[in-house]
Amino acid sequence: MKIKRVASPITHSRFQRCGITALLLLPLTIAVSGCSWLVPLIFIGEHKEKIPAEFDKLDGMKTAVVVWADQETLFDYPHVRMELSMHISDKMWSSMKNVKLVDSRQIEDYVQKNIEMSIDPEKVGQAFDCDMVVYIELLDFQIRDREAPDFVRGRIDASVSVYDIKADVESARRYELDEVETVYPEMQSMLFNETNAIVVRKETYEKFAETVARKFYKHEVEL
């Protein structure tokens, strides 16, 4: 009797298993071949850059944050020196463990009683027995857009320097840091009204203060 050989049929379930296995292996194969655009998001880490402090000698030092503004700016914003000093101090306090900052209100009170001291940060530092003075000179300050008075757009440009009050005479006493340029909102101005003016001023202060404060401690920025 002649026996006829018949190939074993591949069942439907075996097809399913093979198909599922192939689909599961596909992303791995693609990733290995270099097509990273299909890699699941869980495998993509956050991209941040670590930025060192531009000036890292304030730790443990008694420090005054002193702001200078011209008379035109003070006429429109009489409390701008104290306001910006307070914002910068708050940012520094929240991110620096051992910084010792003089109360901005005391500094403003002293400067108002001794107007000539507004341009002499070393004398201010000596008056409060400071080790360091962070001195910010406002080069440009606006909340209302100069080119379009019906709109608001905050801008603060400033130079930043640090005075080492107790340094030896032969040592460097003044350290000039990079200037700060702050604009809010960045893309376009906002129509002027009371609410928008308050929002723009607040956000401009916050952004400016954070940029200045970050000069003195390590931080990370999103790429």
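Contact means heavy atoms within 4.5 Å. This is a predicted model, in which local features need pLDDT of at least 70, side-chain atom pairs count only at pLDDT 80 or more, and totals for chains, interfaces and linings use all residues. Residues are numbered from 1 along each chain as its sequence is written, and side-chain values use heavy atoms, with hydrogens and water left out.

View 1. Helices (H or I, at least four residues) and strands (E, at least two) are DSSP runs, numbered from the N terminus. Along the sequence they follow the pattern α-β-β-α-α-β-α-α-β-β-β-β-α-β. Of the 223 residues, 35% count as buried; buried means under 20% relative accessible area, exposed over 50%, and partly exposed in between (1.4 Å probe, protein chains only). Among contacts between residues at least 6 apart in sequence, 68% join residues at least 24 apart.

**View 2. Helix 4 spans residues 104–113 and has buried residues Ser104, Ile107, Glu108 and Val111.** Seen down the axis of helix 4, these buried residues fall within an arc of 95°, so they line one face of the helix. The arc is that of the directions from the helix axis to the C-beta atoms. An α-helix has 3.6 residues a turn, so residues three or four places apart point the same way. Exposed residues Arg105 and Lys113 sit on the face turned away from the buried side. The cover over the buried residues of helix 4 includes strand 2 (62–68), helix 3 (80–95) and helix 5 (121–127).

**View 3. Ser118 lies in the loop between helix 4 and helix 5.** Ser118 counts as buried because its relative accessibility is 11%. Apart from neighbours within four places in sequence, Ser118 is in contact with Trp68, Arg81, Val111 and Tyr135.

**View 4. The largest nonpolar core has 36 residues.** A nonpolar core is a set of buried Ala, Val, Leu, Ile, Met, Phe, Trp, Tyr and Cys residues joined through side-chain atoms within 4.5 Å. Val80, Met92, Ile136, Leu138, Phe208 and Phe216 have the most contacts inside this core. Helix 6 gives the most to it, with seven residues. Leaving aside neighbours within four places in sequence, the contacts of Leu138 include Val67, Trp68, Val80, Ile156 and Phe208.

**View 5. A second, separate core has 13 residues.** Among them are Ala64, Val124, Cys130 and Ile165.
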